[in-house]
Amino acid sequence: MSEEKQKKKFKTIDIVYVGLFAALIAVCAWIAIPLTVSITLQTFAICLTAGLLGWKRGTLTVVIYILLGMIGLPVFTGFKSGIAAVTGPTGGYIVGFIFTALIVGLAADKIGKKLWQNILFMVIGVLVCYLFGTVWFTIAYKVSFASALSTCVFPFLLPDGVKIVLAAVLVNRLKKFVK
């Protein structure tokens, strides 16, 4: 088999990583700090996954996580599942995780070797998720963009900042161990 074909082919280790990190995302979705709006560790898990696995495996992991939820496994926040969780008013944030993984993973593969680079691209990835999810929310609930931001984004800025820094530090420390 040519070296080029070997590089394109998924190996057993890739499948193991994808499954393991999809499970990690699910567990992090279940860990919630109940405030006015529940804060979960999903954002942390998405950034960590994409930072460690790169854009191909990281994005695939997020897509598989979403598909598992859509077929009925209770992997979303609050042990929710089903197509309604993804197509509902806050489903845009779940779909937005794909863009976050893509941005963070691409940066991890091509650019992000330093802590500040990882943090920067994780922030960009989460902001794209916020944008996608907030637009989706405004359409679903027929509310203003400002109203959606105050409900769906502003309460999460500080906690997500902390999760991003933690994920970036872990990526920098663990990247050398992930093949």
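## How helices cross

A crossing of two helices is called left-handed if the near helix is turned anticlockwise from the far one by less than a right angle, and right-handed if it is turned clockwise. The helices themselves are DSSP runs of H or I with at least four residues, numbered from the N terminus. The model is predicted, so local features need a pLDDT of at least 70 and side-chain atom pairs count only at pLDDT 80 or more, while totals for chains, interfaces and linings use all residues. Residues are numbered from 1 along each chain as its sequence is written, and side-chain values use heavy atoms, with hydrogens and water left out.

## Helices H2 and H3

The crossing of H2 and H3 is left-handed. Helix H2, residues 12–30, packs with helix H3, residues 42–70, at an angle of about 140°, and their axes are 9 Å apart; here axes are lines fitted to C-alpha atoms, for helices over the stretch in contact, and angles run from 0 to 180 degrees between N-to-C directions. Angles under 35 degrees count as roughly parallel, over 145 as roughly antiparallel, 65 to 115 as roughly perpendicular, and the rest as oblique. H2 and H3 are therefore oblique to each other.

By class, the contact of H2 with H3 has 19 nonpolar, three polar and two charged residues. In this classification Ala, Val, Leu, Ile, Met, Phe, Trp, Tyr, Cys and Pro count as nonpolar, Asp, Glu, Lys and Arg as charged, and the others, Gly among them, as polar.

## Helices H3 and H8

H3 also meets helix H8, and their axes come within 9 Å and cross at roughly 25°, which makes H3 roughly parallel to H8. This crossing of H3 with H8 is right-handed. On the side of H3 the contact (heavy atoms within 4.5 Å) is made by Thr43, Phe44, Cys47, Leu48, Gly51 and Leu52, and on the side of H8 the residues include Asp160, Lys163, Ile164 and Leu166. The residues of this contact of H3 with H8 divide into 10 nonpolar, two polar and two charged.

Threonine 43, which has its place in helix H3, is buried, with a relative accessible area of 13%, where buried means under 20% relative accessible area, exposed over 50%, and partly exposed in between, with a 1.4 Å probe and protein chains only. When its neighbours within four places in sequence are left aside, threonine 43 is in contact with Val126, Asp160 and Lys163.

Glycine 69 also lies in helix H3 and counts as buried, at 0% relative accessibility. Not counting residues up to four places away in sequence, glycine 69 touches Val75, Phe76, Ser81 and Gly82. The C-alpha atoms of glycine 69 and isoleucine 33, which are 36 residues apart along the chain, are separated by 21 Å.

## Helix H6 and its surroundings

Helix H6, residues 115–141, has 27 residues and reaches 38 Å from its first C-alpha to its last, close to the 39 Å expected at 1.5 Å a residue; the expected span is 1.5 Å times one less than the number of residues. Buried residues of H6 include Gln117, Phe121, Gly125, Cys129 and Phe137. The buried residues of H6 pack against H3, helix H5 (91–110), helix H7 (145–152) and helix H8 (157–174). Asparagine 118, which lies in helix H6, is buried, with a relative accessible area of 6%, and touches Gly112, Ala168, Val171 and Asn172, not counting residues up to four places away in sequence.

H5 and H6 pack at an angle of about 155°, with their axes 8 Å apart, which makes H5 roughly antiparallel to H6. The crossing of H5 and H6 is right-handed, and by class their contact has 17 nonpolar, seven polar and no charged residues.

## Two loop residues with positive phi

Most residues other than glycine have a negative phi. Phenylalanine 79, although it is not a glycine, has a positive phi of about 60°; phenylalanine 79 is found in the loop between H3 and helix H4 (83–87) and is exposed, with a relative accessible area of 51%.

Lysine 142 follows H6 and is found in the loop between H6 and H7. Although lysine 142 is not a glycine, its phi is positive, at about 55°, and at 73% relative accessibility lysine 142 counts as exposed.
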